[in-house]
Amino acid sequence: MDLTFPLKTQCLSSKFKYCSSPAFSNASSLVRGFLDASCSSRIKPKLIRVRSEFDGKVNGALSADFDSRFVDRALDAAMNDINSSFGKGSVTRLGSAGGALVETFPSGCLTLDFALGGGLPKGRIVEVYGPESSGKTTLALHAIAEVQRLGGNAMLVDAEHAFDPAYSKSLGVDVENLIVCQPDNGEMALEIADRICRSGAVDLICIDSVSALTPRAEIEGEIGMQQMGLQARLMSQALRKMSGNASKAGCTLIFLNQIRHKIGVYYGNPEVTSGGIALKFFASVRLEIRPTGKIKSVKGDEDIGLKVRVRVQKSKVSRPYKQAEFEIIFGEGISKLGCVLDCGEMTDVVLKKGSWYSYGEHRLGQGRDRALQYLKENPLVSEEIEKKVRAAVTEGIGNGGSYAKPSAPQTDSEDMFQEMQ
């Protein structure tokens, strides 16, 4: 910032003001007039430029020669003061905290991990919703089994009071070490889940389901009484408390939700999830699961499973709107070998020419059923394919739902445009 100060112009006429002689005064007046005219026409006011200490600071931006150590010392002092007032770690730099990456764990379905970019996120809220008999509980039980297989602890809040230990055991769940809660009302269920989450000893809490979280006032009242917005207020308050606790403890919360229909909707989608809209905002991942068909037996006389499509409707940790398709076999759960074969085909690990499947030098068979039978008889080959597929997901080659080839190298003009941005 430059400051200018004008200086008064002084002429020689001031030297003659003490002369009192008449002759000299006339001459001096003539000289004074001539000098005044010449001073006013030729001599302009001088400007003195003063350099300010804060020169170059415009709208909070400092110049290049400004000492940045002063700013760093002030920022460190402010951060230390905040940490001493509110506790250590209240304010920290993201790089020093090591929290730049979101950790994930497998969901039990390889095609779904492929669509999610690695798996379900740790310390986040996940919502799984869909129609009846679409595989919501099956998907949640597979996630519990994967957490237990990795050495973690899991909890199931069975608000529907419909837990089947035999089916869960067939899916790989360690029923003996699974923490199960069958609450009496919604407040009790969410309070228990919050306390378990704050303990930091549980890695996954599954709440089955949001629609069954009945408020205490509704249970104590009579059937037919109007209770407006009780469940929505209950979920909103609980999520405000549990979202921060889950992030600090690294505990993933999976909420299973059902579908209801609006009344009088003639255009658009009439479907809506129960429990208000707070869960839509707090959830980092929202998965919509729907059956697309049935799997027939070899003879074709009975149904032995479902074909299911999962769509990532929302994702804060990866690209949304991807799709994953897999098969659910009744009594066995998600077909793991089918997921391995499909993901191998997406990433070109498994090649398909016509109806023949091949992996390297191995010819898996003609048709999907024979290829699955070959993988079932050769578990080492299926494990090798699964490792290569997961490596492709980790390296960012796979994009889930559809496989994208590596992009072409950028030209110099594109590089220059990115640098300008």
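These questions and answers walk through a predicted model of one protein chain.

Me: How many helices and strands does the chain have?
Reply: Start with the chain itself, which has 421 residues. Its secondary structure comes to 14 helices and 18 strands.

Me: What percentage of the residues is buried?
Reply: A residue counts as buried when its relative accessible area is under 20%. Among the 421 residues of the chain, the buried share is 35%.

Me: Among contacts between residues at least 6 apart in sequence, what percentage joins residues at least 24 apart?
Reply: A contact here needs heavy atoms within 4.5 Å. Take the contacts between residues at least 6 apart in sequence. The share that joins residues at least 24 apart is 63%.

Me: Which element gives the most residues to the lining of the largest pocket?
Reply: The largest pocket has a volume of about 1,200 Å³. Its lining has 34 residues, and Ile329, Glu332, Ser335, Lys336 and Leu337 lie nearest its centre. Elements that give two or more residues include α5 (136-149), β12 (285-296) and α12 (368-377). With five residues, the top contributor is α12.

Me: How many residues in the lining of the largest pocket are charged?
Reply: Sort the lining by class. It has 14 nonpolar and seven polar residues. The charged residues in this lining number 13.

Me: Why do the buried residues of α12 lie on the same side?
Reply: The buried residues of α12 are Ala371, Leu372 and Leu375. They share a side because they cover an arc of only 100 degrees around the axis. In general, an α-helix has 3.6 residues a turn, so residues three or four places apart point the same way. The arc that places these residues on the same side of α12 is only 100 degrees.

Me: Which exposed residues does α12 carry on the face turned away from its buried side?
Reply: The buried residues of α12 pack against α11, β17 (356-359), β18 (362-366) and α13. Now look at the face turned away from that buried side. Its exposed residues are Asp369, Arg370, Lys376 and Glu377.

Me: Is Asp113 buried or exposed?
Reply: Asp113 is found in helix α4 (residues 110-116). Beyond residues up to four places away in sequence, Asp113 touches several others, including Pro106, Gly119 and Arg390. The relative accessibility of Asp113 is 2%, so Asp113 counts as buried.

Me: Where is Gly119 placed, and what is its relative accessible area?
Reply: Gly119 sits in the loop between α4 and β4 (120-121). Gly119 is buried, and its relative accessible area is 1%.

Me: What is the C-alpha to C-alpha distance between Gly119 and Phe105?
Reply: Not counting residues up to four places away in sequence, Gly119 touches Thr104, Phe105 and Asp113. Gly119 and Phe105 are 14 residues apart in sequence. In space, their C-alpha to C-alpha distance is 5.2 Å.

How values were computed:
Residues numbered from 1 in each chain as written. Predicted model: local features only at pLDDT ≥ 70, side-chain atom pairs only at ≥ 80, totals over all residues. Heavy atoms only, no water. 1 Å grid on protein atoms, 1.4 Å probe; cavity = no way out; pocket = protein on both sides within 12 Å on 5 of 7 lines; lining within 4 Å. Points joined across faces, edges and corners; volume = space filled by probe spheres on them. Helix = DSSP H or I, 4+ residues; strand = E, 2+ residues; numbered from the N terminus. Nonpolar A, V, L, I, M, F, W, Y, C, P; charged D, E, K, R; others polar. Buried < 20%, exposed > 50% of the residue type's maximum accessible area, 1.4 Å probe, protein only. Arc of directions from axis to C-beta.
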